[in-house]
Amino acid sequence: MAPIILLCSLLYQLCDGQPGPPDPPGRIAVVGAGIGGSAVTYFLHQQFGPQVQIDVYEAERVGGRLATLTVNSQQYESGSPSIHSLNLHMQDFVKLLGLKHRKEVAGKSAIFNGEHLVLEETDWYLLNLFRLWWHYGISFLRLQMWVEEVMEKFMRIYNYQAHKYAFSTIEGLLRSLGGDHFVNMTRRSVAESLQGIGVSQRFIDDVISAVMKASYGQPVSIPALVGAMSLAGAQGNMWAVEGGNKLVCSGLLKLTKANVIHARVTAVSLHNSEKKPLYEVQYERDGTLGSDYYDVVIIAAPLQKTGLPISFLNFQPTLPDYAGSYHRVVTSIVHGYLNSSYFGFTDPKLFPFACILSTDSPDAIFHSLESLCPVNVSVGFRRKPPQEAGVWRVLSSRPLDRKELKTLFKSYYSVQVIEWQAFPNYSTHSSSKSLPPIILHDRLYYLSAAEWAASSVEMIAVAAKNVALLAFNRWFELTEKIDQQDLMHKLKTEL
Ligand SMILES: Cc1cc2nc3c(=O)[nH]c(=O)nc-3n(C[C@H](O)[C@H](O)[C@H](O)COP(=O)(O)OP(=O)(O)OC[C@H]3O[C@@H](n4cnc5c(N)ncnc54)[C@H](O)[C@@H]3O)c2cc1C
């Protein structure tokens, strides 16, 4: 707007006695510096401008579940290792921050049922297709079409967000993407949904169950939307950030000049200032307590009874009654010699796989076992063949004992174990329950609610942009940009 028009408009508002638009918030608190907290900080900065102070509280380490650990002075992904190529926010962040995609190092996969390999990938695309068809008929084609349809609908969110539309509930967001069918996908199991489109039980038992275990450590009773997201990942097109995925989080926080406070938020209380809510965030840092006041608070960390709980003191936010428990997944990073004979290869030189998934059997020791590449892949890097000592990531439901380690590895130099509260425990979420709310109180938002629809890096990045837009649109009362229905049609006619 030209300055003269702006001046006239201000004068008009003053003469008319109409209040102008409210000032932007002075201070915003973000709790958690994982991808959710870092991305929302970036999007808030984009929306409200650099004059708004954003404090980011982090109790442990920037990156959260995007994490690395060191073996022999090289770093390896110990948390979320891979990102799908259609994850457009992550792609944008990498470009914006001048980061690079890690060089891809090819490796084949197989599925193990505790006794033998039930499916083996080969170097030949056509042979792989033939094997799938031979074993499972056209189930894999049906699956592929189903996943593609879900992903295509999911991608609509980028268009809505580019036009600054936000949703006040996760259900509303999902409905805008794929109608009631998408909402129902958070209530119906992946197994049921696949059976509904004619995928065979054998394919579900052998392949889908292995992918669900490897991705979420949970069975095929997990909701269809989460299932579809992990199946999209299993179809390939995955990438990672050179130097470690967590660099996206530290990069975004640095870019926005956010004030990162290494402290654990213990409580939030409500005060009123000129009839507007003002939140007091209480925190603990190195044994000392502190607090500060904010106009807007965004919780970008799972709210659950265990872990790092946050109390709400003199007000009652609309919190889900169950708060939601999280499912434990244990990562063991083992530097050693794989016992390939456990998988039927007495000569390790002949063992051709970089990744083994396990079917969902009660006796399975592990969910997945994967040969790792460091986060910095140099030109000419090659994966260690199994006859040499390599670095392997084993995912399991509990820490592996000595006997189990000895079953999987002939010998090893080191084992580092991380116990993650990894994903929502989807089995505790009954089909009749709604998803957790995003708006907990007037200007208090719960970003991690989205994880109950699907826990993935990109889902959280999408949720971060949604929360930033929602906070902005609500602050400036841009109601026409919130919870709009039939956006597909609306945007087509707007163009
Ligand atoms: C082993 C594993 C493998 C995975 N694999 C994939 C994958 O391949 N692809 C994919 O897309 N996703 C994957 N995921 C899921 C993905 O990592 C998560 O969905 C995503 O990283 C969640 O980000 P977030 O910011 O919401 O939460 P987090 O990363 O958990 O960040 C929350 C942050 O908040 C901090 N915090 C918590 N409470 C407080 C408090 N009271 N005060 C201050 N700070 C607090 C925590 O310390 C943490 O740093 C995987 C996850 C795990 C654990």
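Modeller: In this predicted model, the side chains of lysine 213 and aspartate 360 meet in a salt bridge, with 3.5 Å from N to O. Lysine 213 belongs to helix α9 (residues 201-216), while aspartate 360 sits in the loop between β16 (353-358) and β17 (368-371), so this pair ties together parts that are 147 residues apart in sequence. Aspartate 360, at 36%, is partly exposed.

Arginine 393 forms a salt bridge with glutamate 370, and their closest N and O atoms are 2.8 Å apart. Arginine 393 lies in strand β18 (residues 390-396) and glutamate 370 in strand β17, so here the parts tied together are 23 residues apart in sequence. Arginine 393 is buried, with a relative accessibility of 5%, whereas glutamate 370 is partly exposed at 27%.

A further salt bridge joins arginine 382 to glutamate 388, with the closest N and O atoms 3.5 Å apart. Glutamate 388 is partly exposed, its relative accessible area being 28%. Elsewhere, salt bridges that share partners link Arg27, Asp55 and Asp292 into one network. The structure holds 14 salt bridges, among them the pair of lysine 213 and aspartate 360.

Turning to the ligand, 33 residues surround it, and the closest are Gly36, Glu58, Arg65, Val265 and Val457. Several polar groups of the protein come up to the ligand. A polar backbone atom of glycine 36 is 2.8 Å from an oxygen atom of the ligand, and a polar backbone atom of serine 82 is 2.9 Å from a ligand nitrogen. With serine 455 the side chain is involved: one of its N or O atoms is 3.2 Å from an oxygen atom of the ligand. On its own the ligand has 1,000 Å² of accessible area, and the protein covers 91% of it.

At least two residues each come from α2 (35-48), β10 (264-273), β19 (409-424) and α13 (457-475). The largest share, three residues, is supplied by β19. Sorted by class, the shell has 17 nonpolar, 10 polar and six charged residues.

Lysine 257 has a positive phi of about 55 degrees although it is not a glycine. Lysine 257 lies in the loop between α11 (247-255) and β9 (259-261), and its relative accessibility of 75% makes it exposed. Aspartate 286, also not a glycine, has a positive phi of about 45 degrees. Aspartate 286 is found in the loop between β11 (276-285) and β12 (288-294), where it is exposed, with a relative accessible area of 76%.

Note on methods: Residues are numbered from 1 along each chain as its sequence is written. This is a predicted model: local features need pLDDT of at least 70, side-chain atom pairs count only at pLDDT 80 or more; totals for chains, interfaces and linings use all residues. Side-chain values use heavy atoms; hydrogens and water are left out. A salt bridge is a side-chain nitrogen of Lys or Arg within 4 Å of a carboxyl oxygen of Asp or Glu. Helices (H or I, at least four residues) and strands (E, at least two) are DSSP runs, numbered from the N terminus. Buried means under 20% relative accessible area, exposed over 50%, partly exposed in between (1.4 Å probe, protein chains only). A residue is near a molecule or strand if one of its heavy atoms lies within 4 Å of it. A polar contact is a pair of N or O atoms within 3.5 Å; within protein, one must be able to donate a hydrogen and the other to accept it, and residues adjacent in sequence count only if both atoms are side-chain atoms. Accessible areas come from the Shrake-Rupley method with a 1.4 Å probe; for residues, only the protein chains shown count as cover. Ala, Val, Leu, Ile, Met, Phe, Trp, Tyr, Cys and Pro count as nonpolar, Asp, Glu, Lys and Arg as charged, and the others, Gly among them, as polar.
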